[in-house]
Amino acid sequence: MFSSIALSEPLETLRSVFGFPEFRPHQREIVDELLAGRDAFVLMPTGGGKSLCYQIPAMHREGVGIVVSPLISLMKDQVDALRANGVRAEFYNSSLGAEESRRVLRALHARELDLLYVAPERLMSEGFLERLSGEAIALFAIDEAHCVSQWGHDFRPEYVQLGALRKHFPEVPMVALTATADPQTRSDILEQLGLRQAKVFVAGFDRPNIRYLVQEKTKPFNQLVDCLERWKGESAIVYCLSRKRVEEVAQKLRLAGWSAAAYHAGLPSAQRSRVQEDFLRDDVRIVVATVAFGMGIDKPNVRAVVHYDLPKHLEGYYQETGRAGRDGLESEAVLLYGLSDAVVARQLVGQNANAEQRRIESHKLDAMVGFAEALTCRRRVLLGYFGEALDADCGNCDRCLKPVELYDATDDAYRALMAVYEVRQRAGVRLVIDVLRGAETDQVRRLGHHRLPTYGQGADRSTEHWASVIRQLIHHGYLVQDVAKFGVLKLTPKTRPILHKEQGLQLAVPQERIARRRSKRKPTADHAADDPLFQALRAVRKEIADAAGVPPYVVFGDATLKEMAARKPRTLESMLEVSGVGLHKLKKYGDRFLEAIVRNDRTGG
């Protein structure tokens, strides 16, 4: 195992321990901030390398890095991966027996650990805080930090206790990390964790390797199979809204000859663990699940994520689709959307007894429906929700691959934006539409909006037309919705040229009802699964992983094997040039993979 004392420089650690040649954007700055003893907030997409941002500083600073993680399975995956690289890491949670727990605590007190993973409730218990008070602590890393915010999609009350860490350990640097947080959630995390002075790093939300497809739900099972056929032999996750639907879809897939298993919270714990383990080890290729199959999935080679039903919010959708292509290779996210899905989702939201939470969830569902019914670039809509703008359409979603008809929307845009301006940016979408269409409602009369110049100026257009126009103006960055203030519409700096009639604008022709054809487009990138050498290296990886009792990706990820198959290294020294191959893994596995390359390479290298 590596000792933090023996490591001289973060870049050297990145290369020799983790096998990566260079830091990704923002990683080095975050590492330096923590090494200097300062706090940080990190917003980085799934697969962007968040873990390295705290793992490397923990190995270089004196003491142990304490990592807060919400799920036992996630802790185990992280620790398995670290130990495979020779890093001194353990987890301490309820899954350990008495002897194992004592062994981990002995290692902690003997200062033999670089990283220790714990659950928030365990960390904040009086006994454990007292135990840590006498130890040197390198840093605190709060993973999945969106769980601390009531605005987040996965709020967990036990995370709120973490706000007291600053009082107990005022001198220890803290980093909060998440892949999913809209602007309101972001500010709430900083407030709740006492990170008001922390430097904020936003690496962006874009996952360009994921193709986003939305299809009108017609024959959903056939549409699902179409997607799986495009990625035959690869790993996939299928999300369903109910446990019953999960069981039905998984059963139909098995009867059709697919390697599939069901996963939901109603199954026995042992069965859930077995399904997850089989999936991680590539013994089961497809998992059909509710959102219970969530943050614990650290599998980098999931090629497709299919939403059989409409998610309740874009945060969840983004996080779930983000489980595709964590290794950076081409992947696909398919959403099957039917109008009845939105009705069912609204009924579920309406069952929440907390009025404030119900309001937040209703707004988030509106944004999700807006994404599903968008007539513009999906990625622009998705990233715009999180406050990030794209300069151009992505070219890798169904709307870009098969664009809808455009029309000159200059006049419509002017009227809609002027209505927002005249209501003093204090109204939501529905009220603005009522003003445009000249609706005679009590609210319009009470607020005096019937006297506005734009009142009735859009009476020639339907409610659906104006809803589409306003959604597109939001997606293009001309309007924003303030979630904290009941979803009111606000103008942006981009609005001025439209209101001054200095600029025209084209939008997609609004449709009363979405109508999409199934995408038959095949992945266009080099599909590594078709390479015999890549498959041979996969087989070697599976043998090693099974013998060690770990998931295959802990040995090497698909991206590393793909590069290995392309480079065909013939020596250990040249294999070290492959991204993802560090010294520890080279020593353990290098010869096995070199033998496989020589044995299976028909080009003669």
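Me: What makes up the accessible surface of the protein chain?
Reply: In this predicted model, the accessible surface comes to about 25,500 Å². Carbon and sulfur atoms hold 49% of that area.

Me: How many helices and strands does the protein chain have?
Reply: Its secondary structure comes to 28 helices and 17 strands.

Me: What share of the residues counts as buried?
Reply: The share is 58% of the 605 residues. To count here, a residue needs a relative accessible area under 20%.

Me: What part of the contacts with a separation of 6 or more comes from residues 24 or more positions apart?
Reply: Such residues account for 73% of those contacts.

Me: Why is Arg111 called partly exposed?
Reply: Its relative accessibility is 48%. Buried means under 20% and exposed means over 50%, so a value in between is called partly exposed. Arg111 sits in the loop between helix 5 (98-109) and strand 4 (115-118).

Me: Is Glu144 buried or exposed, and how do you know?
Reply: Glu144 has a relative accessible area of 12%. The cut-off for buried is under 20%, so Glu144 is buried. Glu144 belongs to the loop between strand 5 (137-142) and helix 8 (157-160).

Me: What makes the phi of Arg111 worth a look?
Reply: Arg111 is not a glycine, yet its phi is positive, about 60°. Glu144, also not a glycine, has a positive phi of about 50°. Most residues other than glycine have a negative phi.

Me: Which residues of helix 22 are buried?
Reply: They are His465, Trp466, Ala467, Ser468, Val469, Ile470, Gln472, Leu473 and His475. Just after the helix comes Gly477, with a positive phi of about 90°.

Me: How far apart are the mean positions of the positive and negative charges?
Reply: For 85 positive and 79 negative charges, the mean positions are 3 Å apart.

Key:
Residues are numbered from 1 along each chain as its sequence is written. This is a predicted model: local features need pLDDT of at least 70, side-chain atom pairs count only at pLDDT 80 or more; totals for chains, interfaces and linings use all residues. Side-chain values use heavy atoms; hydrogens and water are left out. Helices (H or I, at least four residues) and strands (E, at least two) are DSSP runs, numbered from the N terminus. Buried means under 20% relative accessible area, exposed over 50%, partly exposed in between (1.4 Å probe, protein chains only). Contact means heavy atoms within 4.5 Å. Accessible areas come from the Shrake-Rupley method with a 1.4 Å probe; for residues, only the protein chains shown count as cover. Lys and Arg count as positive and Asp and Glu as negative; His and the chain ends are not counted. The place of a charge is taken as NZ of Lys, CZ of Arg, CG of Asp or CD of Glu.
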